[in-house]
Amino acid sequence: MSEASLRNASANAIIRLTKLTKKGGTGMQVNIYEAKTRLSELIGLLEKEEEIVIAKSGKPVAKLVPYQNPQHRELGAWKGAFTVPEDFDDPDEEIAELFGV
């Protein structure tokens with residue numbers, strides 16, 4: 001659903017969608033009430049928008065962003081790149097003192 005159809009979706013509801021300009025592109029801002037009542041439509045808009053900011057009293061409080069699958073990481077890719085010191089898990093006197101041990 002487009003921004004225009006969201007604006008005209010309900011004569012009874014006041015929909016505040018504000019275009020945001022940022023460094024790499026654009027996004028939109030919607031108030032909490034509209035985000036709650038039209039979450040499915042906003043998720044559909046994420047295909048076109050980079051992000052949708054959810055605001056409370058005009059102040060941003062949350063951000064909807066498209067989900068990105070994490071890249072597959074190969075096990076052991078850092079093998080040999082560093083070594084763990086022998087005393088890595090030994091008790092630390094300074095920390096023990098802070099906890100009164």
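**A salt-bridge network, asked and answered**

Biologist: Glu-34, Arg-38 and Glu-41 are linked in a network of salt bridges. What am I looking at here?

Modeller: A predicted model, where local features need pLDDT of at least 70, side-chain atom pairs count only at pLDDT 80 or more, and totals for chains, interfaces and linings use all residues. Residues are numbered from 1 along each chain as its sequence is written, and side-chain values use heavy atoms, with hydrogens and water left out.

Biologist: How do you know whether Glu-34 is buried or exposed?

Modeller: We go by relative accessible area: buried is under 20%, exposed is over 50%, and partly exposed is in between (1.4 Å probe, protein chains only). Glu-34 has 1%, so Glu-34 counts as buried. Arg-38, at 14%, is buried as well.

Biologist: Which side chain does Lys-63 meet in a salt bridge?

Modeller: That of Glu-51, at 3.8 Å, N to O. Lys-63 sits in strand β4 (residues 59-64) and Glu-51 in the loop between α3 and β3, so the pair ties together parts 12 residues apart in sequence. Strands here are DSSP runs of E, at least two residues, and helices are runs of H or I, at least four, numbered from the N terminus.

Biologist: What makes Lys-63 exposed?

Modeller: Lys-63 has a relative accessible area of 52%, so it lands over the exposed cut-off. Glu-51, at 12%, counts as buried.

Biologist: What makes a set of residues a nonpolar core?

Modeller: They must be buried Ala, Val, Leu, Ile, Met, Phe, Trp, Tyr or Cys residues, joined through side-chain atoms within 4.5 Å. The largest one in this model has 9 residues, among them Met-28, Val-30 and Ile-54. The elements giving two or more residues to this core are β2 (26-31), α3 (39-45) and β3 (52-56).

Conventions. A salt bridge is a side-chain nitrogen of Lys or Arg within 4 Å of a carboxyl oxygen of Asp or Glu.
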